[in-house]
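Reader: I should like to go through this structure with you. Could we begin with the terms and then turn to the details?

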Amino acid sequence: MAFMRKAGEFTPQETLVFSYWMVILRLLKMGITWEAIMQLTEDEINMILGITLAEQQIQFEAQAVSRTKQSMM
C-alpha cells in the first residue's frame, strides 16, 4: 500500500482523512447505506467492524483447519 510506505510524508490531518474514508468505504462494501453510516455513532461503527473482523478470523481459521486436514489425507 503506497500510502503506508510513505506515511512520514503525510500530515496527521491527511492520515486521519485517509483512515476516515477507508472506514466509510469498508462499511459501504458491507452493504450499509450512506444514510445509515451517517447516523452511526463511533461506538456502533467500532462494534460493526469488530464483529466483521471476528467473523473473518473465524473463517480464516476454519479454512486453515480444512487445509491441514486435506494435506494429511
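Author: Let us begin with a definition: a residue is buried under 20% relative accessible area, exposed over 50%, and partly exposed in between. Please note that this is a predicted model.

Reader: What does the secondary structure come to?

Author: The protein chain has four helices and zero strands. Along the sequence the pattern reads α-α-α-α.

Reader: Back to the aromatic residues. How many aromatic pairs does the structure hold?

Author: The structure holds two aromatic pairs. One of them joins Y20 and W21 in an edge-to-face arrangement, at 5.1 Å centre to centre and with 85° between the planes. The other pair is W21 with W34, whose ring centres are 6.0 Å apart.

Reader: Why is the pair of W21 and W34 stacked?

Author: Their planes lie at 10°, and planes under 30 degrees apart count as stacked, so the pair is stacked.

Reader: Which parts does the pair tie together?

Author: W21 belongs to helix α2 and W34 to helix α3 (residues 34-39), so the pair links parts that are 13 residues apart in sequence. Y20, W21 and W34 form one aromatic cluster.

Reader: Are W21 and W34 buried or partly exposed?

Author: W21 is partly exposed at 39% relative accessibility, and W34 is partly exposed with a relative accessible area of 37%.

Reader: What does M38 touch?

Author: Leaving out residues up to four places away in sequence, M38 touches Y20 and I24. M38 lies in helix α3, and at 38% relative accessibility M38 counts as partly exposed. The C-alpha atoms of M38 and I24 are separated by 9.3 Å, while the two residues are 14 residues apart along the chain.

Reader: Turning to helix packing, what is needed to describe two packed helices?

Author: One gives the angle between their axes and the distance between the axes.

Reader: What are those values for α2 and α4?

Author: Helix α2 (residues 12-29) and helix α4 (residues 42-72) pack at an angle of about 65°, and their axes are 11 Å apart. The crossing in which α2 passes α4 is left-handed.

Reader: Which residues meet there?

Author: From α2 come V23, R26 and L27, and they meet I45, I48, L49 and L53 in α4. The residues of this contact divide into six nonpolar, no polar and one charged.

Reader: Which residues in α4 are buried?

Author: In α4, I45, L49 and T52 are buried. The buried residues of α4 pack against α2.

Reader: What span should α4 have, and what does the model give?

Author: At 1.5 Å a residue, the 31 residues of α4 should span 45 Å, and the end C-alpha atoms of α4 are 45 Å apart, which agrees.

Reader: And what about the span of α2?

Author: The 18 residues of α2 should span 26 Å at 1.5 Å a residue, and the end C-alpha atoms of α2 are 26 Å apart, so the values agree.

Notes: Residues numbered from 1 in each chain as written. Predicted model: local features only at pLDDT ≥ 70, side-chain atom pairs only at ≥ 80, totals over all residues. Heavy atoms only, no water. Axes fitted to C-alpha atoms, helices over the stretch in contact; angles between N-to-C directions. Helix = DSSP H or I, 4+ residues; strand = E, 2+ residues; numbered from the N terminus. Left-handed = near helix turned anticlockwise from the far one by under 90°. Contact = heavy atoms within 4.5 Å. Nonpolar A, V, L, I, M, F, W, Y, C, P; charged D, E, K, R; others polar. Phe/Tyr/Trp six-rings, centres within 6.5 Å; stacked < 30°, edge-to-face > 60°. Buried < 20%, exposed > 50% of the residue type's maximum accessible area, 1.4 Å probe, protein only. Expected span 1.5 Å × (residues − 1).
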